[in-house]
Amino acid sequence: MFSSHDGLCTIGELAEHLGVSVKTVRFYSDRGLLPEASRSAGGHRRYGPDAVQRLGMIRSLRGLDLPLPDVRRILDELDARGDREGAGAGGALEDAVAGRLRGLGSERAALRWREAALRLVQECPAAERPARLRLVGAVAAPPSTAPLARFWRAWLPPRMPARSVTAFLEAAVPAPPDDPRPAQVLAFARLHAFVTRPCGGAGADAGQPRAHGVAGARAPAVLYAGLAEAYDLAGAELRRGAAPAPGEALDGFVDAYASTYGTRDTPAFRRVLAERLADDPRIDRYWELTAAVISAPGGPPEPTPGSAHDWLFAALEEQSRATGHGGARPPVTSA
């Protein structure tokens, strides 16, 4: 292709050889990705033999939709290694490809979410579409769980260690499904509206349960760690359709409170604990919507910390009724 006596080619010849436009070659040259070998007496760009392989590499990288900054880093790395053909492309290319794959995953998730949201609007009665559109339109695609996490951070005890908060959020904040159905989009949108409503969100009228009002820097972490184990056990019972009943799950549930309060698990303690839990505020709507988000459409609801708590509380109430009334209150200190 290099027919000139000095072995260089014009911008037009280079463009024709690679099957691209002159404008494309000029674009990469102007951004320093495709250096010129020289200029002709008339000021025209001239390129050396290396430009063919370099422009081919640029086209390949751009064909993978890698952004220009990543292309520049890859080319700089190849230049530093003297690798003209890119046969040993290393860290910069690996990082760029990994980053683009993450980006594509996010883009696919956004498209799937938008498709389900559009079907949700399309399939509802015409009179409900404006309200439905406002509801789902308030949620980003793909959706963010940050508002849900903020809701729980405001709800949790202020002395909770960061590790314990993270563990709680992993259990309490539902991850949006990768391939959502319209019903799941609707549930997540309602969940988002629930935690972001005016006047401080849904937590404004659902503060910390009195039963969680314990003193000491470690107390909240101890309590929530014990409850998490009990909820896992109760979740297994829920999945197999078991009715609320005494057993390992309930023992762990009561022990979480008894250990935190520094008292013993006795029938009297269980009766008083049941009374106190019955009077505490609840966030049932949050857990109902969470179950709708994480459960397969048409299938049984997946257990949540909320449904596990309900199962354990029902078992505790039934046992307390069976063992009678009375007994001193557990030594609980307000937070």
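Predicted model: local features only at pLDDT ≥ 70, side-chain atom pairs only at ≥ 80, totals over all residues.
**Reading the sheet and the salt bridges**

Visitor: Over how many bridges do strand 2 and strand 3 pair, and in which sense?

Guide: Strand 2 pairs with strand 3, residues 45-47, over 2 bridges, and the sense is antiparallel.

Visitor: In what order do the strands of the open sheet lie?

Guide: The order is 1-3-2, with antiparallel pairing among the 3 strands of this open sheet. Strand 1 (9-10) and strand 2 (38-39) are at the edges; each has a single partner strand, so one side of each has no neighbour in the sheet.

Visitor: How many helices accompany the strands in the protein chain?

Guide: The protein chain has 14 helices and 3 strands. It comprises 335 residues, of which 41% count as buried.

Visitor: Which residue forms a salt bridge with Arg73, and how far apart are the closest N and O atoms?

Guide: The partner of Arg73 is Asp70, with the closest N and O atoms 2.2 Å apart. Both residues belong to helix 4 (residues 68-81) and are 3 residues apart, about one turn of the helix.

Visitor: Is Asp70 buried or exposed?

Guide: Asp70 has 16% relative accessibility; because buried means under 20%, Asp70 counts as buried. Arg73, at 47%, counts as partly exposed.

Visitor: Which residue forms a salt bridge with Glu107?

Guide: That residue is Arg100, and the closest N and O atoms of the pair are 3.1 Å apart. Arg100 is buried, with a relative accessible area of 15%, whereas Glu107 is partly exposed at 39%.

Visitor: Where in the chain do Arg282 and Asp310 lie?

Guide: Their side chains meet in a salt bridge of 2.1 Å, N to O. This pair links distant parts of the chain, 28 residues apart: Arg282 is in the loop between helix 12 (267-279) and helix 13 (284-294), and Asp310 is in helix 14 (residues 305-323). Arg282 is partly exposed, with a relative accessible area of 36%, and Asp310 is partly exposed at 32%.

Note on methods:
Residues numbered from 1 in each chain as written. Heavy atoms only, no water. Helix = DSSP H or I, 4+ residues; strand = E, 2+ residues; numbered from the N terminus. Buried < 20%, exposed > 50% of the residue type's maximum accessible area, 1.4 Å probe, protein only. Pairing = 2+ DSSP bridges. Salt bridge = Lys/Arg side-chain N within 4 Å of Asp/Glu carboxyl O.
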